[in-house]
Amino acid sequence: IPLTVGGGINTLEDFDRVLKCGADKVSVNSGAIKNPALISDAAKRYGDQCVVLSVDVKRVDGKFTVFAKGGRENTGIDALEWIKRGAESGAGEIVLNSIDTDGVKRGFDLEMLKAVSEIVSIPVIASGGAGNTDDFVTLFKTLPKVDAGLAASIFHFGEVRIDDLKEILYKNGIPVRRKI
């Protein structure tokens, strides 16, 4: 299973440390906001397939805005411009966490995900809002450009079993790795 490690990634040395510990990819968020060159520097040194730009986004006055420090600090940065710049700088994937839907369990932020998937050609991973299996089916049927859906609490609390989700996705014609 490919392993992505994030949290506290602020320097190339942090990339180096987690890669040497066995990570396949490194996710960077606030560290890239503080130092945008970190994205291109890491991509040049380790390859863009290794660099995951994680972005916490919330609507502010109707505009998608980047937040830092786990979604607590409004940076004032336009999220679409930031994500496009990150992709152009060498990020190989985008993890888009909608603060507006995170933890609400009413579905992924399809409007935000559509806007992002239309401006980048790298994989986009949806995060924030999954409450049940139908949310994943809706995500992938509505936005086929979105490459993956991320969820946590529904699995941690046993609300959805991973095998059940995979079977439902398969039955809905959505490509998924599953047991044979």
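The model is predicted, so to speak of local features a pLDDT of at least 70 is needed, side-chain atom pairs count only at pLDDT 80 or more, and totals for chains, interfaces and linings use all residues. Residues are numbered from 1 along each chain as its sequence is written, and side-chain values use heavy atoms, with hydrogens and water left out.

**Helix H4**

Let's begin with H4, which spans residues 79-89. Helices (H or I, at least four residues) and strands (E, at least two) are DSSP runs, numbered from the N terminus.

Which residues of H4 are buried? They are Ala 79, Trp 82, Ile 83 and Gly 86. Seen down the axis of H4, these buried residues fall within an arc of 95 degrees, so they line one face of the helix. The arc is taken from the directions from the helix axis to the C-beta atoms. An α-helix has 3.6 residues a turn, so residues three or four places apart point the same way. On the face of H4 turned away from the buried side sit the exposed residues Glu 81 and Glu 88. After H4 comes Gly 90, with a positive phi near 125 degrees.

**Cysteines and loop residues**

Buried means under 20% relative accessible area, exposed over 50%, and partly exposed in between (1.4 Å probe, protein chains only).

| Residue | Relative accessible area | Class |
|---|---|---|
| Cys 21 | 69% | exposed |
| Cys 50 | 2% | buried |
| Asn 35 | 33% | partly exposed |
| Thr 101 | 15% | buried |

How many disulfides does a search of the whole structure find? It finds zero, a disulfide being a pair of cysteine sulfur atoms within 2.5 Å. For Cys 21, the nearest cysteine sulfur is that of Cys 50, 13 Å away.

Asn 35 sits in the loop between helix H2 (30-34) and helix H3 (37-46). Its C-alpha atom is separated by 18 Å from that of Val 95, 60 residues apart along the chain.

Thr 101 belongs to the loop between strand S6 (93-98) and helix H5 (110-117). Leaving aside neighbours within four places in sequence, Thr 101 is in contact with Gly 107, Asp 109, Gly 128 and Gly 129, where contact means heavy atoms within 4.5 Å.
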